Amino acid sequence: MAISTQGRYTRTAKVLHWLVLVLLVAQYAIGWTMPHIGRNTPVSTLISLHFSIGVVILGLIVVRLIWRIIHGEPEAEAGIPPWQVHSARVIHWLLYLLLLVVPLLGWVNASYRGMPIMLFGLVPVPQLVGVHAAGWGSTGDIHTLVAEFGILPLVGLHVAAALYHYFIRRDRVLQRMLPGV
Ligand code: HEM
Ligand code: HEM
């Protein structure tokens with residue numbers, strides 16, 4: 001079943017898409033301004049906010065994925081070369097995958113470091129691995145690496161493609177995801 005027979009995403013898919021974008025912008029801004037996390041770094045407000053927003057992003061991606069699997073995607077725009085349809089699909093699935101893997105790695109790393117995760121200071125989130133559990137020490141480096149050199153270049157390609165469709169091909173691909181269109 002397609003998300004929409006009129007070739008655009010449903011309101012739910014759009015709200016989730018743009019909400020994740022806003023949260024990701026905040027998440028990178030916080031990630032880059034929070035104190036560097038070392039051996040005995042206390043969980044400051046910014047670090048705690050990074051954990052909380054990251055867990056919320058993870059939850060939203062799970063909801064998005066379930067929505068996507070149940071509803072499928074809208075029919076492709078007429079006249080788009082098949083390679084573009086296929087490469088867009090590959091990038092979308094890679095984004096979904098990395099948006100699951102990156103927060104999970106962060107969560108594992110915070111657990112490994114013994115840093116408590118309190119969702120917005122209110123709800124305790126369980127630790128995923130024991131403190132200094134063998135084998136999990138490099139999760140922090142991988143988390144940062146994939147967040148910066150995996151997600152960001154993919155988003156760059158994704159946004160470039162959206163702008164290419166809007167300004168150069170002048171088709172309605174961007175409008176499929178815009179509110180109210
Ligand atoms: C999509 C969601 C997330 C993104 C894009 C993200 C992004 C980042 C970035 C860019 C850094 C590097 C900061 C620096 O320059 O040093 C970082 C570090 C870190 N993040 Fe996240 N993060 C996310 C989710 C999470 C979650 C859910 C947690 C924990 C619950 C978390 C825990 C950490 C930790 C512990 C570090 C320090 C890693 C280290 O230096 O060893 N992150 N994150
Ligand atoms: C200014 C930034 C952005 C623009 C203009 C944009 C635009 C779009 C457009 C037009 C589509 C529909 C593509 C199609 O119909 O084939 C789409 C889908 C998608 N976007 Fe974005 N996007 C942006 C940011 C992001 C970010 C930051 C992410 C996640 C990291 C993201 C992840 C996705 C995913 C996963 C889909 C596929 C939806 C699905 O089929 O389930 N986008 N985006």
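This is a predicted model: local features need pLDDT of at least 70, side-chain atom pairs count only at pLDDT 80 or more; totals for chains, interfaces and linings use all residues.

Student: Okay, which residues hold the iron atom of ligand 1?

Tutor: His50 and His143 do, each through NE2, at 2.0 Å.

Student: And what's the arrangement of the six donor atoms there?

Tutor: Octahedral, because the angles at that iron atom run from 86 to 179°. The histidine pair also ties together parts that are 93 residues apart in sequence, since His50 sits in helix H2 (residues 45-71) and His143 in helix H4.

Student: Are those two buried or exposed?

Tutor: Both His50 and His143 are buried.

Student: Now the iron atom of ligand 2. What are its protein donors?

Tutor: His17 and His158, again by way of NE2, lying 2.0 Å from the iron. Those two are 141 residues apart: His17 belongs to helix H1 (residues 11-33), and His158 to helix H4 (residues 139-169).

Student: Why does His17 count as buried?

Tutor: Its relative accessibility is 16%, and the cut-off for buried is under 20%. His158 comes out at 26%, so it counts as partly exposed.

Student: Switching topic: where does UniProt put the transmembrane region annotation?

Tutor: The unreviewed UniProt entry lists residues 15-34, 46-70, 90-110, 117-137 and 149-168.

Student: How much helix is there in residues 15-34?

Tutor: That span is 95% helix and 0% strand, and its end C-alpha atoms lie 28 Å apart. Residues 149-168 are 100% helix, with end C-alpha atoms 27 Å apart.

Notes
Residues are numbered from 1 along each chain as its sequence is written. Chains are lettered from A and ligands numbered from 1 in the order in which they are written. Side-chain values use heavy atoms; hydrogens and water are left out. Donors are N, O and S atoms within 2.8 Å of the metal (3.2 Å for Na, K and Ca); water is not among the atoms, so sites may look incomplete. Helices (H or I, at least four residues) and strands (E, at least two) are DSSP runs, numbered from the N terminus. Buried means under 20% relative accessible area, exposed over 50%, partly exposed in between (1.4 Å probe, protein chains only). UniProt positions are given in the numbering used here, feature names are shortened, and annotations may be inferred rather than shown by experiment. Four donors count as tetrahedral if all angles lie between 85 and 135 degrees; four count as square planar and six as octahedral if opposite donors are over 155 degrees apart and all others between 65 and 115; anything else is irregular.
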